[in-house]
Amino acid sequence: MSENSNTYKIHFLPNDKIVEVNEGSTVLDAAHNANIYINSICGGDGICGKCKVILSSGTVDAPTTKLLSDEEVDKDYIIACEAGIISDLQILIPHETRLEGKKILLDQNEQHSMTWKATLDQANFKHDALVKKICLKLEPPTMDDNVADHERLYQAIMMKQGVELNVMQTGYRILKKLPEVLRQEDWTVTVTLGHRGKILEIIDVQPGDTSNTNYGVAIDVGTTTVVACLLEMETSKVVDSEAVYNTQMKFGEDYIQRIIYAIQNEALDKMQRSIVTDINNLISTLVKRNSIILDDITAIVSAGNTTMHHFLLGLDPERIRKEPYIPTANFIPPIRAIQIGININSRGLLYTLPSVSAYVGADITSGATAIRLDKEEMPTLLIDIGTNGEVVLGNKEWMVCCSASAGPAFEGSGIKHGMRAAKGAIEIIHITKEFEVSYSAIGDIPPRGICGSGLLDCIAEMLRSGIIDRSGNFQKGIKTDRLRKKDDEFEFVLINKEDTGIDNEIVITQADIANLIRSKGAIYAAVSLLIESMGLGINDVHCVYLAGGFGNYLNVRNAITIGMLPDMPSSRIKFVGNTSLTGAKMALLSEEAFETVQSIASQMTYFDLMGNQKYMEEFMSANFLPHTNLDEFPSVLEELSSLNKKFSGTN
Amino acid sequence: MEIANIVDKCPGTVKEVIIGATKDEGGTRGKSITVGGSNCIPFMDFDGSPGHKPAIAMDVYDIPPEEWPEPLMKHYADVVDNPANWAKKCVEFGADLICLKLDGIHPDKKNISASETVSTVKSILEAVDIPLIIWGCENDERDNEILPKVSEATKGERCLIGSVTQDNYKTITAVCLADGHNLITQAPVDINIGKQINILVADLGFPTDRIVMFQTTGALGYGIEYCYSIHERARIAALSGDRQMSFPIICDVGHEAWRSKESKARDDEVPQWGSFADRGKMWEAITATTLMQSGVDIIRMNHPEAVSIVKKHIENLT
């Protein structure tokens, strides 16, 4: 863009934001500049067609595209990433393209004002916060007791905590202010102690007793959502929590795309700022809402996948996506949060939990800690379904893990009316034999899309009611108007236009089904291969923990019926929600838990599926409902064959 | 000292499929042909029963083939426009079954009507008394239109009809079920899809002792190894007790062998390749005998001399 090129004003509605951009920028660029979120899975490559907006006034330079239906073209829809700006514009962002509100559904187990003592006890972790504030009453010095201020403080800490002097450390800034602070409240002081590896650091010294105002924040930095939880360290009380969508999404919906974006555009700084801003916004919301001061937050524990941690710390992520897939660091030492721009106490520490490999991150080590995989006697499975599906198998003696590129289908991405588990997302679907659909949407408002648990129900119910066969193909002969051909593709209408919260029907297409089957196939293949590689069978697996952001609720039986989970009694499968955050909270409140994450991370063996020929074969066999090897799903076989007798017809 | 034979017994057995029905059985065939039944690795009869011998099905087309080279065409030149006479000739050449391939119903070819096709089928049934395979044109729409009519017209004859694929199986499976025919399930050299289509037709209530599998065929030099290893995997799965794989296998050797450059190139084009008159039939015979080792149960063939070579080979092996 030359310096003297024209600039134009772009007015975004309903946000009512105006930005000025250079001629030739795209509407998507303008939205980025205005900090407005527009759905974009492909990150602006003109492939996904999710960034539809309505041109209310002005002209754009846009190629004709197959991504818009004739109906949409008539309504002045344009594809934001393809529309070059050549005049002032007014752009209306329609419902389906918007990131409505910022409220994301939090874990159901998340009950505020509850202490975590019971949870910690249940996990057998001692409550012993990573960063503590302790109040000390020092003996004033005399001619007989002429120990220096600093050493006097050390001695008092030693007496109280029982630590050795040589593993303590004090910063220069603390030393400078020490004499005054000690004497200000007549030798009563509160020291903030934090662990940095084997060293106990005096993070801060304050006059008087402030030991009851010590807060920590646990965060889960997901590719899609960032969740923060404020905890009172002393009492282990969950004060409040808050979530936002990761604003890095505008650089690409999956993290590989973001790595590419960061490298190609030399935008690592920008990516880091983006995630740090999200975290700062979350913290400042929590702080304001609960009338506490930032200075009282002394520690942050972060769980997240390897790439997100790289972005958070501004580490070079490039080699994560290239063979042989090497991260810059798996174990990251604690740093001061302010070093990367996170606003808490200026000397407060950021603990990033450790990863296992490029594709098995701290979200998994944290999750394994949350379920205490390291205490299990019998082989136990943890399956965490996010943008990637990660699987851990193990017990107190061994752990193996793998990552399957399941794709974000169960997060609602790449599905025509898929969405994340937010307000308006359909989370339960039931379909009758007469093809009537009943559903329940989060927040009890007119539905805007379908989230993971709803999509899972949808496939299982369509299979049961004979709408699709085991290949996932629509049964064209069924007697219902809901099944129809549109734009050369078959689709099933789940919700009629008048009942939805978008100006459209909610449908599931043949391509959606294929996508979901591939996704569940990738997860099942990883699970079965991991079990097999340890010389075990599914009956040897004592318990399965299913984690992930499906929604509040997950029908475990349906997950078996579609062949995502192995055929086993539902009682042995537990849906545990966001275990990444749970583990981060535990680590924040218990040093023992923090150490456990470390030891789990170093103990886990990474099993690479990407170069595994057998994985491909397992994956191909799993691309069927429930599976090509029906013998692996006896209970599903029985269920479906009893139903099948009722349907037989021609196409 | 006598050393006892160690018998490698397999837990699974390939199902027997009976093609063709005699008068007593409600049809008009002179005799029926049974295929399958093996419970050992092909021709390893010391381990178990090798089942029924591979059967040779000779192709008859509903329209004259366009690209047959002269060494093949010369045997049929007088009958290619009369399927009934063509079928008679195949019987003389030693065919166990006739495979009527309905290329002519394809919209890009002659788009032949259902009624004309039915009368062609009937003329063959009258002309010969060996069992019949009826194979569509692989255009889903036309197959779904014509094959039901053909199926109805041949009700009771226990034909082998095909093929059905994962994307198109309901109509043809339903009519074969109703009219008592056997069914060919097709997959694109893919063990999983092969299994899946078998499950899909079984889900419609189709009896599993009436299914024959087709994995498509590659001739010698044109992917025979893929085809061989898929047959082998399918058979080993069947013998290991995989019920969704325990069906006889059909392969299409004649058509594939005679499409090859080696069968088509004339003497003046490639003098160093040996005699044009022999090359094609040898290509066909070698493709057939190779695939026999992989466990196929029905071999579709064209050239009379290739047929007699293969039949002799079968006799020698059994």
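## Contact between chains A and B

In this predicted model, the contact between the two chains draws 14 residues from chain B and 14 residues from chain A. On the side of chain B that touches chain A, the elements that give two or more residues are α5 (170-179) and α6 (191-203) of chain B. Of these, α6(B) gives the most, with 6 residues.

By residue class, the side of chain B that touches chain A divides into 4 nonpolar, 6 polar and 4 charged residues.

## Packing of α7 and α10 in chain B

Two packed helices are described by the angle between their axes and the distance between the axes. In chain B, the axes of helix α7 (residues 224-239) and helix α10 (residues 276-293) come within 9 Å and cross at roughly 30°. Because angles under 35 degrees count as roughly parallel, α7(B) is described as roughly parallel to α10(B). The crossing in which α7(B) passes α10(B) is right-handed.

From α7(B), the residues that make this contact are B:I224, B:C227, B:Y228 and B:H231, and they meet B:T287, B:T290 and B:L291 of α10(B). Taken by class, the residues of the contact of α7(B) with α10(B) comprise 4 nonpolar and 3 polar, with no charged residue.

## Domains of chain A

Chain A is divided into domain 1 (7-97), domain 2 (130-207), domain 3 (215-352) and domain 4 (372-651). When the centres are taken over C-alpha atoms, domain 2 of chain A and domain 4 of chain A are separated by 53 Å.

## An exposed lysine in chain A

Where in chain A does A:K66 lie? A:K66 is found in the loop between β4 (60-61) and α2 (70-74) of chain A. Is A:K66 buried or exposed? The residue is exposed, because it has 7 other C-beta atoms within 10 Å, and a residue with 12 or fewer is placed in that class.

Along the chain, A:K66 and A:G49 are 17 residues apart, while their C-alpha atoms are separated by 8.9 Å.

Methods:
Residues numbered from 1 in each chain as written. Chains lettered and ligands numbered in written order. Predicted model: local features only at pLDDT ≥ 70, side-chain atom pairs only at ≥ 80, totals over all residues. Contact = placed C-beta atoms within 7 Å. Helix = DSSP H or I, 4+ residues; strand = E, 2+ residues; numbered from the N terminus. Nonpolar A, V, L, I, M, F, W, Y, C, P; charged D, E, K, R; others polar. Buried ≥ 20, exposed ≤ 12 C-beta atoms within 10 Å, placed from the backbone. Domains from an automatic or database assignment. Axes fitted to C-alpha atoms, helices over the stretch in contact; angles between N-to-C directions. Parallel < 35°, antiparallel > 145°, perpendicular 65-115°, else oblique. Left-handed = near helix turned anticlockwise from the far one by under 90°.
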